[in-house]
Amino acid sequence: QIELLLALYCQPKFSTALELSHKIKPSAKGHIVASGSIGKIGKSLVGITNKIPDDYFDGRKNVPAYFSVVGVYDKMNGWQMWGNLKMALFNIINESVQRQIKSLK
C-alpha cells in the first residue's frame, strides 16, 4: 500500500489505475491491483478517522466508497490524490528524512 501511495503522490496530476498497477506490480495485466489497493488504503484511513464515506453502487449493491477517501477518480484521466492527503504524506516523508539526517550527524 505504501508503494501505491508513493506512486500516486509522485504524480503531478492524474494516473490511470493501469499505470499505477504497473508501478506497484510490473507484471499486472489490469487495473484491479491499484483499484483494490486504493480501496484498502481508504478503508484503513476510515478506521483511523471514523468518517465513513458516502456509498456507491458496485454493480451488485451499495457499499462505502472507501476509494474516495484517497482521491478523486475521473474516467477520462484516472486517479488524483486529495491535496490534504498529499500534504500529510509530504510532512511524514519530510519528518522521516529529517530524523535520518539528524542520526547521521
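This is a friendly chat about a predicted model of one protein chain.

Reader: Hi! What kind of model is this, and which residues count for local features?

Author: Hello! The model is predicted, so to speak of local features a pLDDT of at least 70 is needed, side-chain atom pairs count only at pLDDT 80 or more, and totals for chains, interfaces and linings use all residues. Residues are numbered from 1 along each chain as its sequence is written, and side-chain values use heavy atoms, with hydrogens and water left out.

Reader: Okay, what does the pLDDT average for the protein chain?

Author: The average is 84, and 98% of the residues score at least 70. That score is the predictor's confidence in each residue, from 0 to 100.

Reader: Which element has the lowest mean pLDDT?

Author: That is helix H2 (residues 17-24), with a mean of 78, while strand S2 (residues 62-64) has the highest, 95. Where pLDDT is low, the predicted coordinates should not be read in detail.

Reader: How many helices and strands does the protein chain have?

Author: There are four helices and four strands, in the order α-α-α-β-β-β-β-α along the sequence. Both are DSSP runs numbered from the N terminus: helices are H or I with at least four residues, strands are E with at least two. The C-alpha trace spans about 55 × 35 × 20 Å along its principal axes.

Reader: And what share of the residues is buried?

Author: Buried residues make up 27% of the 105 in the protein chain. Buried means under 20% relative accessible area, exposed means over 50%, and partly exposed is in between (1.4 Å probe, protein chains only).

Reader: Switching to pockets: how much space lies in the largest pocket?

Author: About 270 Å³. A volume here is the space filled by probe spheres set on grid points, which are joined across faces, edges and corners. On a 1 Å grid over the protein atoms alone, a pocket is an open set of points with protein on both sides within 12 Å along at least five of seven lines, unlike a cavity, where a 1.4 Å probe fits but cannot get out.

Reader: Which residues line the largest pocket?

Author: The lining includes Leu45, Val46 and Thr49, as well as Trp82, Asn84 and Leu85; a lining residue has an atom within 4 Å of a point. Helix H3 (32-49) and helix H4 (83-104) are the elements that give two or more residues, and H3 gives the most, with three.

Reader: What classes of residue are in that lining?

Author: Seven are nonpolar, three polar and two charged. Nonpolar covers Ala, Val, Leu, Ile, Met, Phe, Trp, Tyr, Cys and Pro; charged covers Asp, Glu, Lys and Arg; the others, Gly among them, are polar.

Reader: Now the rings: how many aromatic pairs are there in the whole structure?

Author: Three. Rings of Phe, Tyr and Trp (its six-membered ring) pair if their centres lie within 6.5 Å, and planes under 30 degrees apart count as stacked, over 60 as edge-to-face and the rest as tilted. Tyr56 and Phe67 make an edge-to-face pair, 4.9 Å centre to centre with 80° between the planes. Tyr56 lies in strand S1 (residues 55-57) and Phe67 in the loop between S2 and strand S3 (71-74), so this pair ties together parts 11 residues apart in sequence.

Reader: What else does Phe67 pair with?

Author: Trp79: the ring centres are 5.9 Å apart and the planes at 70°, so that pair is edge-to-face. Trp79 sits in strand S4 (residues 78-81), so the pair ties together parts 12 residues apart in sequence. Trp79 is buried, with a relative accessible area of 4%, whereas Phe67 is partly exposed at 24%. Tyr56, Phe67, Tyr73 and Trp79 form one aromatic cluster.

Reader: How many salt bridges are there?

Author: Two, taking a salt bridge as a side-chain nitrogen of Lys or Arg within 4 Å of a carboxyl oxygen of Asp or Glu. Arg60 pairs with Asp58, their closest N and O atoms being 4.0 Å apart. Arg99 pairs with Glu95 at 3.8 Å, and both lie in helix H4, four residues apart, about one turn of the helix.

Reader: Last one: where is Asn50?

Author: Asn50 is in the loop between H3 and S1. Asn50 has a positive phi of about 60° although it is not a glycine, and is exposed, with a relative accessible area of 64%.
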